[in-house]
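Here are my notes on this one, as numbered points. Have the viewer open while you read.

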Amino acid sequence: MRDQSINRRKAAMLLFEIEESFGKFIKDNLSDINEIPSSILDTLQERKLEVEVTTIDHVVERTYLSEIFQLASVATDNTSFNKLIAEISKLAIIYELYDIRNSIAHPNRTFPNCYWYRVAAFASDPLIAVLGIKGIQECLLSAEEGIISDPPEEWLSSSIFEIRNNLPEHFEHDVTGLIGREKEHEKLISLLTNPRVNTVAVVAPGGYGKTALVLDLLHQQISNPKTSSYADAIIFITLKTESLTLDGIRNQNAPQTIQQLKEALTTAAETTYEVPFDSFEECTAYLEDQKLLICIDNLETLLRDNPEAFDELNLELPPLWRIVVTSRTMIGSNQSIALEPLGKKHSINLINSYIKKRGGKVLGREFTEKVATDCYFNPLAIRLTIDKILCGSAIHSAISSTKSEIAEFSFRNLIESLSVNANSILEALLIAGESDKIHLCSLLELSLDDLSSALREVIPTSLISRKIYDDVELYDLSSSIRDLLLIDTKNITIRDAILSRKNNLDIKSNEVDKKQIELSISNLNVSYIPNDTTQSLKILLESFHRCCKADMEKMGELLRRFKNSYETYKSLAIFQREYARISSYLKDYKTAVQQAKLAVCISRDEPLNLFVLADCYFRSKDYKLSAETYLELVSKCEELEIQDTKFLANVYHGLFQSLLWRGDYCTIIEQTNDWEDRKTFSALFGGYRATAYKRTVENSFKANIDAYVEGMTNSIVVMDNVFKLAGYLKSPCIQSLKIITEIDFAIPRLFDDEKWNDFCRTSLNFIESHYIGIIDQQSLDKNTESKVKAIKETVIKLKNIDFPENPLQHISVLTEERTGLDEIDSSYVEVRVYHVMKDTTRKFAKDIESNQYYLTKENTSGDLYSKWEGISEGAKLFVIPSECIQPDKAIPVLDIVEA
């Protein structure tokens, strides 16, 4: 404390010398008072009306620190010193000399030690010496040596910068200071200093601290020289007709009409400027060149009977005048700051600080939290409750009576007795108009049960009306309540949230529809969402489709949302189907099968429902029911003549996988007899046929070697033809790995027996012909290094077998280098990205013939998925085009790999 006191005195001594030295500098360099701008002279004259400003001495005597450098700039105009003065003026701002000067002038303010060092840093700057001013640095040396000479008392007390104002000297939060409103404080000052903002409104229910926030900020601003950049004067007018005190609601006299407000404003301007005005019109004309900031407190009392009155008044004010208002209701054409309750932490801080400043005994943690919570974190309610406790009331009694008084003071309406959900329904109907239950559930994010419960609370009142149209209940606000809600900001946060949610629903719903069109998503794709799906359900389904299936935390949160929406959408097949899928991903297979069955019951003719049911059976390892459902689905696809190749491929994959896991290899072989005639699906059918042959005999090497060789030969021949017919597609390549593993096992055991030469030669020729293509395909996927390594090890191992005319012996030593992409199978097309959308998961590309392709993250392979957002224009990629092509649309793709 002693150091702070000494540093305050040293800083005061040095600042006084800075003012004196620069004042002398101005006198030495400015000979004619007429060189000083008239605006500065007028301001100085107003400070002491009894003495006319006629000399340079008069000017310097009345100049504040913030104006010293402005006058020094005038004195050095058209000289080499002018740039030095500009730099010194910047230093004064950087070191916050004006704030330090004001701190010295207010002895009750804290004076950090850093203030002294800032003043010293300014005083020691060599620019001052360049100007020829010696007294400042001499004073600095004296201060450092402890030789302190205090400035005159008159300088300490009277030379304080302050914007003209009529702000009240004391206000509600003087006792504790403003607590918990830092964010709102910053936003308010940013709006007030923005020249494009004419009107600012601080909006909140009664007792939230609107007036305190504004007055606290303005009290700080009036002594800040920077304020003059946006306000020459600040006028405060309250329209508060009543206040809530310890003794109850107390009435106050305040303007209640526009005319009375004009008269109050005129009177306040007379007091602030010390100039008499005969009328409001004379006042506005006289002060039209002034940057006047008008603060109107409790504007809602004026809007209650005449909502347009404020807008009319605003239009009458001079362009340089600006307004900040506090109000419980929203006003038009303004930037608003909506205050929320303080929150638990800040409420507890307010309670402890208020009790301490009032000299009371601090409550225990339990009671402090109870007061904060039971007062709904309302600052006014908290302070009134503490006042009552300090006056001897029991805590429960103090809280109870305060809550009653706050309700009467702030709202006085039936709405106050309603639950949050009931109030939310009123706000939703205000925003959306006539609505049914499902739409209200979407807007409010309530379950049907919670919504129905809240409706039962509201329907007996006169607040809403209900009618039935085509067996659908429709709800709307009663005409008598609509206007009341418009001017009542009790639920402004709820209203804003609902409006925001409605806008978000509209935007997100449109984005879903747009994506469905842009991606040409088939109605047989599980990601397909019909255009007529309810907005909220669209967004829920899209959230599920976008969610990474490996992110169990997000999947769990999505499941919760599905459960909350169950009663609302349980009659929709698409909802039950997606509910089944998310349950399946979370390994709740019992629920998944149950919901998929419900989807099939709702619409058995919809192929996707059967597809999801079959998939759920498969994931639950009921391969018998899975295979039977897939077979039924195959028949359904043939009956409906479905041509969607991607969907059909998924169906056939599901069918054959179910049969493989069930061990029904004979059925696979039977189903794939015509595999070479399957056109688009020949590789798929052939791959599973080859796998079935292998699976049939893979455990019979010792028991029946003849059957083993026959089965493996059939498998190898089929897979060889698959590669020759369709290239190295992903699924056959994966299936061929097991065949190569089996060859790796069999050849070392059979190669030296001439009986099996044909089989060995067929096996070795298969590997020699296709190992590069298989490796390339594996290299395109992620986490396949071990598989590629195993293939290479097999090749090296079999290469060294002493078998006549071993086709592998001519292969050079294999390295770990990846085969070039020029050897990629022919189904891929080389493209270059030419446009990246704002959503970087979507991009457009062109091939060498300028065909356009639509690329999405979900179609990427390998490491490309993790770095997809970083792929920029000009990047070279390889894609497999989709066969679903629409005229004048970019071609969707099935797979994307990096060059």
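1. Helices here are DSSP runs of H or I with at least four residues, strands are E runs of at least two, and both are numbered from the N terminus. Before going on, a caveat: this is a predicted model, in which local features need pLDDT of at least 70 and side-chain atom pairs count only at pLDDT 80 or more, while totals for chains, interfaces and linings use all residues. Residues are numbered from 1 along each chain as its sequence is written, and side-chain values use heavy atoms, with hydrogens and water left out.

2. Helix 25 itself (residues 492–518) passes the length check: its 27 residues should span 39 Å at 1.5 Å a residue, and the end C-alpha atoms are 38 Å apart, which agrees. The expected span is 1.5 Å times one less than the number of residues. Its buried residues include I492, I498, L505 and V512, but also R495, D513 and K515. Buried means under 20% relative accessible area, exposed over 50%, and partly exposed in between (1.4 Å probe, protein chains only).

3. Y630, in helix 32 (residues 623–639), is buried at a relative accessible area of 3%. What is Y630 in contact with, leaving aside neighbours within four places in sequence? The list is F611, A614, D615, V651, G654, L655 and S658, where contact means heavy atoms within 4.5 Å. Y630 and L655 are 25 residues apart in sequence, yet 5.3 Å apart C-alpha to C-alpha.

4. T691 sits in helix 35 (residues 682–697). With 7% relative accessibility, T691 counts as buried, and it touches L660 and Q735, not counting residues up to four places away in sequence.

5. Now the barrel: five strands close up in the order 11-12-13-15-14, with mixed pairing. Two strands pair if DSSP finds at least two bridges between them. Strand 11 (residues 829–836) runs antiparallel to strand 12 over four bridges, with F844 as the partner of H835. Strand 12 and strand 13 are also antiparallel, joined by five bridges, and A845 faces Y853 there. The parallel case is strand 13 (residues 852–856) with strand 15 (residues 891–898), over two bridges; Y854 is opposite P892.

6. Last, strand 12 (residues 842–846): four of its five residues are buried, so it is largely enclosed by the rest of the structure. Strand 12 makes a hairpin with strand 11, five residues lying between them. Strand 12 and strand 13 form a hairpin with five residues between them too, and S850 in that turn has a positive phi of about 70°.
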